[in-house]
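Work through these exercises with the structure in view. Try each task before you read its solution.

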Amino acid sequence: MGMSVTISVATEQDAEQIFRLQYLCFQSEAALYGNYRIDPLVQTLDSVRQEVASDCVFVARLGDEVVGSVRGKVTEDGAAAIGKLCVHPRLQGHGIGARLLRAAEAALESERGATTFRLLTGHRSEGNLRLYRRVGYQTVGRTKGDDGVELIVLEKQAGQYAQTA
């Protein structure tokens, strides 16, 4: 009947679809904060290409279409910074975001030695906060983004995979 969504490592050929998907998905976040200069909306295609080449980037595919993505990289302190998780609006609420997170966490731990996972989300982004808490993240602080948005910092230790997604 229908196709299933698959999760895989992003390739160079995915960069443009990731770029377009990110722009679409982060419109609702921008509206929530009244700020259309948030990082995911001002990032360049070349910058996305560089991240795909150097970072740990996963995509969710429905056939040939990229319908979700997430990026992560290990920082100087050994923590893995995970960001720009997005799922096409028509497919949200089906566990794709949790699957993408799990794939990024597993690769960052096994391939890049991450011991802690860290991510940021806007303080008004209740849907994001629910997902992150459901998969084991806990609030550890707050910060302000370069765009002025107040962000909640969440972390969890590597190896802590939630049973529900």
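**Exercise 1. Find the share of contacts in the chain that join residues at least 24 apart, among those between residues at least 6 apart in sequence.**

Step 1: A contact means heavy atoms within 4.5 Å.
Step 2: Keep the contacts between residues at least 6 apart in sequence; of these, 63% join residues at least 24 apart.
Step 3: Know the source. This is a predicted model, in which local features need pLDDT of at least 70, side-chain atom pairs count only at pLDDT 80 or more, and totals for chains, interfaces and linings use all residues. Residues are numbered from 1 along each chain as its sequence is written, and side-chain values use heavy atoms, with hydrogens and water left out.

**Exercise 2. List the helices and strands in order, then judge how compact the chain is.**

Step 1: Count. Six helices and seven strands are present. Helices (H or I, at least four residues) and strands (E, at least two) are DSSP runs, numbered from the N terminus.
Step 2: Read along the sequence. The pattern is β-α-α-α-α-β-β-β-α-β-α-β-β.
Step 3: Compare. The radius of gyration is 15 Å, close to the 15 Å from the globule rule for 165 residues, so the chain is as compact as a globular protein of that length. The radius is taken over C-alpha atoms, and the rule is 2.2 Å times the number of residues to the power 0.38.
Step 4: The C-alpha atoms fill roughly 40 × 35 × 30 Å along the principal axes.

**Exercise 3. Which residues of helix H4 are buried, and what do they pack against?**

Step 1: Set the cut-offs. Buried means under 20% relative accessible area, exposed over 50%, and partly exposed in between (1.4 Å probe, protein chains only). In the chain, 44% of the 165 residues are buried.
Step 2: Pick them out. In H4 (residues 45–54), Val48, Glu51 and Val52 are buried.
Step 3: Look down the axis. The buried residues of H4 fall within an arc of 100°, so they line one face of the helix. The arc is that of the directions from the helix axis to the C-beta atoms.
Step 4: Turn to the face away from the buried side. Asp46, Gln50 and Ala53 are exposed there.
Step 5: Name the partners. The buried residues of H4 pack against helix H1 (15–25) and strands S2 (56–62), S3 (65–74) and S4.

**Exercise 4. Where do the buried residues of helix H6 lie around its axis?**

Step 1: Find them. Leu129, Leu131 and Tyr132 are the buried residues of H6 (residues 126–134).
Step 2: Check the arc. They cover only 165° around the axis, which puts them on the same side of H6.
Step 3: Name the partners. The buried residues of H6 pack against strand S4 (79–87), helix H5 (96–112), strand S5 (116–122) and strand S7 (150–157).
Step 4: Look past the helix. Glycine 136 follows H6, with a positive phi near 105°.
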